[in-house]
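Please look at the sequence and the structure together, and follow the chain slowly from one end to the other.

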Amino acid sequence: CSNPEAVAICIECCYQNTSLAFTIAVSIFETPAESARALLVPIYYGVVEIVLIGLFVLVAWRLSWTYAPKDASLVQCFFGNYQPQNDEEEQKALEAQRARSLGQPVPVEQPRVSTEEPHSYGSDDRRV
């Protein structure tokens with residue numbers, strides 16, 4: 001599996017384990033007081049998990065293990081969508097990710113130029 005896939009799997013497994021711990025803590029104890037005490041463990045784990053996953057994601061991003069380029073700002077990475085939308089985009093993203101992780105220049109695709117004339121809509125040719 002690729003680095004971005006491995007990062008996603010790590011994060012997903014951590015979150016699933018927290019849900020499982022909550023479910024077990026609530027279901028195996030008979031009294032609400034015991035369940036409440038048992039819930040302290042997954043709550044503590046959840047808080048530690050948030051901090052550690054945040055650090056892990058930052059390190060993975062800076063090591064180019066994600067689709068987000070490491071020269072993008074943290075805000076751009078947080079709000080942007082760097083996921084490939086199809087197999088061709090995914091292949092290009094993986095090649096760029098490999099190049100960044102090896103410190104090589106990222107191949108840049110030239111934008112396609114349309115040869116079609118733009119259509120102007122007159123007063124009789126409106127789109128509804």
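The chain contains 4 helices and 0 strands, and along the sequence the order reads α-α-α-α, where helices (H or I, at least four residues) and strands (E, at least two) are DSSP runs numbered from the N terminus. This is a predicted model, in which local features need pLDDT of at least 70 and side-chain atom pairs count only at pLDDT 80 or more, while totals for chains, interfaces and linings use all residues. Residues are numbered from 1 along each chain as its sequence is written, and side-chain values use heavy atoms, with hydrogens and water left out. Of the 128 residues in the chain, 20% are buried, a word that stands for under 20% relative accessible area, whereas exposed stands for over 50% and partly exposed for what lies in between (1.4 Å probe, protein chains only).

Where is there empty space? Rolling a probe the size of a water molecule over the atoms shows where empty space is left. The largest pocket holds about 620 Å³ of space, and the elements that give two or more residues to its lining are α1 (3-28), α2 and α3 (74-79). A pocket here is an open set of points on a 1 Å grid over the protein atoms alone, where a 1.4 Å probe fits, with protein on both sides within 12 Å along at least five of seven lines, and lining residues have an atom within 4 Å of a point. Helix α1 supplies the largest share of this lining, 5 residues. Among the 19 lining residues, I11, V57, T66, A68 and C77 lie nearest the centre of the pocket.

One of these, V57, belongs to helix α2, and V57 counts as partly exposed because its relative accessibility is 33%. The C-alpha atoms of V57 and V7 are separated by 7.7 Å, although the two residues are 50 residues apart along the chain.

Is S64 buried or exposed? S64 counts as buried, because its relative accessibility is 0%. The phi of S64 is near 65°, a positive value in a residue other than glycine. Most residues other than glycine have a negative phi.

Technical notes. Grid points are joined across faces, edges and corners, and a volume is the space filled by probe spheres set on the points.
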